[in-house]
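Please view the sequence and the model together while reading.

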Amino acid sequence: MALINDHFLKLTKNYLFADIAKKVNAFKVTHPKADVISLGIGDVTRPLVPAVLEAMHKAVDEMGTVEGFHGYGPEEGYDFLREAIVKNDFLARGVKLDKSEIFVNDGAKSDTGNIQELVRWDNSVGVTDPIYPVYIDSNIMIGRAGVNVDGKWSNITYMHCNEANGFIPSIPDYKVDIIYLCYPNNPTGMVINRAELKKWVDYAIKNDVLIFYDAAYEAYIQDDDIPHSIYEIRGAKKVAIEFHSYSKTAGFTGIRCGYTVVPKELTVAGLDGNRYELNPLWDRRQCTKFNGTSYISQRAAEATYSPEGKRQVKEVIDYYMTNAKLMREALVEMGYTVYGGQNAPYLWVKTPNNETSWEFFEHLLYGAHVVCTPGVGFGPAGEGYIRLTSFGDREKCIEALERIKKWK
Ligand SMILES: *Cc1c(COP(=O)(O)O)cnc(C)c1O
C-alpha cells in the first residue's frame, strides 16, 4: 500500500492570485465597459532583447546539424556559461568564485525549493514576513514546518519587516538553523545595505547558521553602495548559498535559466561531529535528479553578458525602473506612503486611513479600475499594504496613475 506524504496535506491552497482573479471578474461582470489596468502583474512583459534572440536562433540552427547537435549537457551547466557568470556577475564586483561553485538551473524557484534537501528535516527555519511563499511551502512539504497554530508554523521563525525596522528584520535573539533572505525584496521592493547584510553574515558565522540568499532582483539595483551578492561581504562564502535568475534580469520567465552558487568553503555540521562541504553534495543531488538546462537557454543566458547583450538588458531594466519612478513620484505626490521602487521593480504602498489590504484593493478596483496585490497575501506583516509592480506597459502605467489621482 502506498502511503501519502501527509506533509502535502498540510499545505494551504495558494488562494492569493485566485482570489484576486475572482474579485476582478466579479467587477468586470458588473462593469462590462470598464477597462481594468493591472499594476499587480508579477511577470515581466517586455520581449527578449535582440542579442538573446540572435544567440537562440544560432543555437537552434546548431542543433539541426550533426556537428552542432547537443544532447545531454553537463548537469551543472556548460563551461561557457559558468565562466561568463564567474567573470561578469562576481569577479567584476571583486568576488572570486570558481566555476565549479556555479550550478546552472532552470530558474531560481526550483532550487530555492530543492536546496533544503541538503539539510536535515529537523532544522529550524527563519523567514521574513512578508515573504515569497516558496520558501515556506517547500519546507512544509518536507515536514520541517511543524504544526500550524493560528496561521503560523511552529518550527518557523517569522521575522517581521515593517516601517520601524526599514523592512530589514532584526536578527533573532535565539538560534535559528537556516535563514532565508531575499534582497532586493519581493514583495517590499526594499534593499539591504552592506552594513546590515554584514550583521547577518556575522550572526551566521557566530551561530553556525546557513543562509539561503535570493538575489533574483539584483539587476534592478541602482545605488552603487547596495551589494548585489551576499559574497561581497567577507566570510559569506562560509555560510551562504545564493540564487540568481535570468527571469527578471533578462525576461527569461518563459525561457527558464538561473543558477545557484554553492561555495566550496561552505560546510555544515553532521551529527557525527564532522563538518561536510555542501558543494559536492549539491553536485551529487543535481546529477541524480536534474539533467541540465537546455543548451539553447544557456546560450541565451550567455548572450546577456556580451557588450550588446548587457546594454540591451539594461535598457529593459531602465524601462521598468522608469515606470517604478513615475509610479513612486505620482503616489508620493498624492500623499501615499511608498516604500521600494528605487532598487527593485516593486512598490510597497501603505493603505490610507488604516484600511486593510483587501479593503484598499477593492476601493482601488472600483474607484480607479486598477488592480494591485494585497500585501497580506505575502504574510501577516503585509497587512495594511499593497504591492504594485512596474512590469507593465508605460502608457498603461501612466493612465493608471492618472486614474488613481482623479479618483482620489
Ligand atoms: C521571480 C522570482 C524568482 C525567480 O524565479 P524563476 O524560477 O527563476 O523564474 C526567485 N525569487 C523570487 C523572490 C522571485 O520573485
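## Terms and basis

A residue counts as buried under 20% relative accessible area, as exposed over 50%, and as partly exposed in between, with a 1.4 Å probe and protein chains only.

The model is predicted, so local features need pLDDT of at least 70 and side-chain atom pairs count only at pLDDT 80 or more, while totals for chains, interfaces and linings use all residues. Residues are numbered from 1 along each chain as its sequence is written, and side-chain values use heavy atoms, leaving out hydrogens and water.

## Overall form

The protein chain contains 12 helices and 17 strands. These elements are DSSP runs numbered from the N terminus: helices are H or I with at least four residues, and strands are E with at least two. Along the principal axes, the C-alpha atoms occupy a box of roughly 60 × 55 × 55 Å. The radius of gyration of the protein chain is 22 Å, which agrees with the value near 22 Å that a compact globule of 408 residues would have. That radius is taken over C-alpha atoms, and the globule rule is 2.2 Å times the number of residues to the power 0.38.

Of the 408 residues, 52% count as buried. Contacts (heavy atoms within 4.5 Å) were also examined by sequence separation: among those between residues at least 6 apart, 72% join residues at least 24 apart.

## Surface and charge

The accessible surface of the protein chain comes to about 18,800 Å², and 54% of this area belongs to carbon and sulfur atoms. Such areas come from the Shrake-Rupley method with a 1.4 Å probe; for residues, only the protein chains shown count as cover.

The protein chain has 46 positive and 53 negative charges, whose mean positions are 2 Å apart. Lys and Arg count as positive and Asp and Glu as negative, without His or the chain ends. Each charge is placed at NZ of Lys, CZ of Arg, CG of Asp or CD of Glu.

## Cysteines

A disulfide is a pair of cysteine sulfur atoms within 2.5 Å, and by this rule the count is zero.

Cys182 is buried because its relative accessibility is 5%. Cys257, at 0% relative accessibility, also counts as buried.

## Helix H9

Helix H9 covers residues 295–303, and its buried residues include Tyr295, Ser297 and Gln298, together with Ala300, Ala301 and Ala303.

## Backbone features in loops

Two cis peptide bonds can be described here. One joins Tyr183 and Pro184, with omega about -10 degrees; the other runs from Asn186 to Pro187, with omega near 15 degrees. Pro184 lies in the loop between strand E7 (178–182) and helix H6 (194–207), and Pro187 is placed in the loop between E7 and H6.

Asp150 is not a glycine, yet has a positive phi of about 50 degrees. Asp150 sits in the loop between strands E4 (148–149) and E5 (152–153). Is Asp150 buried or exposed? Asp150 is exposed, because its relative accessible area is 78%.

Phe167, also not a glycine, has a positive phi of about 65 degrees. The loop between strand E6 (156–160) and E7 holds Phe167, which counts as buried at 1% relative accessibility.
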